[in-house]
Amino acid sequence: MRKIILAPDSFKGTMSSQEICDILAQEIKRVWPQAQVVSLPVADGGEGSVDAFLAAVGGEKVAVPCKGPHWEDIHGFYGLLPDGTAVVEMAAAAGLPLVGQRLRPDQTTTYGVGQLVRAAVCGGARRLVVGLGGSATNDGGAGMAAALGVRFFRVDGEPYIPTGGTLDQLARVDRSGLEPALASVELTAMCDIDNPLCGPTGASAVFGPQKGAGPDMVPVLDRNLGHLADIMAEDLGRDLRDMPGAGAAGGLGFGVAAFFGGRLQMGIETVLDVAGFDHLLQGAWLVITGEGCIDGQSLRGKVVSGVARRAKAADVPTIAMVGDIGEGAGGLYEQGVTGMFSINRVAIPFSQARTRSREDLRAASADLFRLLARMSR
């Protein structure tokens, strides 16, 4: 009996990871009715990470009232897994979709993310995983820290909660009031980028524009994050601004490490560890992964890369089913991908292709499985 593992990321704007798994499983069963199909919907830290964990290992989604990116009251959530691990995706409280047309990374806050974290650790979570991705913020995690008891002071001694546009007013940080429950919780932040906090490849320069930062705002945001890094370097006795992943989620990666001593890890590695992927690979005949687009950036810790590397170590072939294949994707072969296939069957713009993505995935996978079945007789 063939064992086939399905471990795709979502195709952003078209299909969720679970939908992709369902379609692939149906087409596999048409060709190999007795096959053992193991579905592991995955994510790398952004929107959908909680659902991916819950689908992989079970658990429950816990609703939490919190503040949104513009300080509005919203309904957030976190995932509680059977082993006591809590999963918070920062996008649930500070994600780009929550701001609509109000793109102001100088004003938005991660305060609500801190509220979700507080609810999770005070609710008894023994381990905490925070997904960094899809943010509308650029506050270096100051908002999250404030919600968890860290106090920020201006030069005149007045306390305040900094945002990306007001970090330059910061004179002192007091971490003495940090939520006590955090002391006994292992904190891991999962991200899919390795950018530093500041500079031309930092949070503001690379990701600020997609959050609404124009040419005049980007250098201000970058300078303000640098000021935060200066303050924290003096407080901690070490400078974390160049740490890989510090620039994730508008500097929230930096904040997790600086304010809470948390560890940063590539998101897909965290998901695969929690789901026991290496154990699942035992006896597997094939792994199928995928994401909306693969290119040279996919080599830097994205889903396809992470899955393929582990499958390669177990000598299991990996197929990547994707929307688009961009420049530089060929490097994935060295990381363990055996073959990559675009599901797009006609040359049309994405706005049209996205409406037919499900039928295209079904047709492309059916063709592939028929071929594999013929060749493996």
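A residue counts as buried when its relative accessible area is under 20%. The model described here is predicted.

**Ser305 and its surroundings**

By that criterion S305 is buried, because its relative accessibility is 0%. The residue lies in helix α11, which spans residues 303–313. Leaving aside residues up to four places away in sequence, S305 touches S298, L299, L332 and Q335. With Q335 there is also a polar contact, side chain to side chain, at 2.4 Å.

**Helix α9**

Helix α11 is also among the elements that cover the buried residues of α9; others include α2 (49–57), β6 (127–131), β10 (186–191), β11 (263–266) and α10 (277–280). Helix α9 comprises residues 267–275 and is mostly covered, with 8 of its 9 residues buried. Those buried residues are G267, I268, E269, T270, V271, L272, V274 and A275. Just after the helix, G276 adopts a positive phi of about 70°.

**Packing of α7 and α8**

Two packed helices are described by the angle between their axes and the distance between the axes. For helix α7 (residues 217–236) and helix α8 (residues 248–260), the axes come within 11 Å and cross at roughly 10°. Angles under 35 degrees count as roughly parallel, and α7 is therefore roughly parallel to α8. On the α7 side the contacts involve L225, L228, A229, M232 and L236, which meet G250, F254, A258 and F259 in α8.

**A three-stranded sheet**

An open sheet of 3 strands is arranged in the order β8-β7-β9 with antiparallel pairing. Its edge strands, β8 (159–160) and β9 (170–174), each pair on one side only. Strand β7 (residues 151–154) is joined to β9 by 4 bridges, and the two run antiparallel. R154 has L170 of β9 as its bridge partner.

**Cysteines**

A disulfide is a covalent bond between the sulfur atoms of two cysteines. How many disulfides does the structure hold? The structure holds 0 disulfides.

| Cysteine | Closest cysteine sulfur | Sulfur distance |
|---|---|---|
| C122 | C66 | 15 Å |
| C198 | C191 | 16 Å |

The criterion for a disulfide is a pair of cysteine sulfur atoms within 2.5 Å. The sulfur of C122 is too far from that of C66 for a bond, because they are 15 Å apart. C198 is likewise in no disulfide. At 17% relative accessibility, C198 counts as buried.

How values were computed: Residues numbered from 1 in each chain as written. Predicted model: local features only at pLDDT ≥ 70, side-chain atom pairs only at ≥ 80, totals over all residues. Heavy atoms only, no water. Buried < 20%, exposed > 50% of the residue type's maximum accessible area, 1.4 Å probe, protein only. Polar contact = N/O pair within 3.5 Å; in protein donor to acceptor, adjacent residues only side chain to side chain. Contact = heavy atoms within 4.5 Å. Pairing = 2+ DSSP bridges. Axes fitted to C-alpha atoms, helices over the stretch in contact; angles between N-to-C directions. Parallel < 35°, antiparallel > 145°, perpendicular 65-115°, else oblique.
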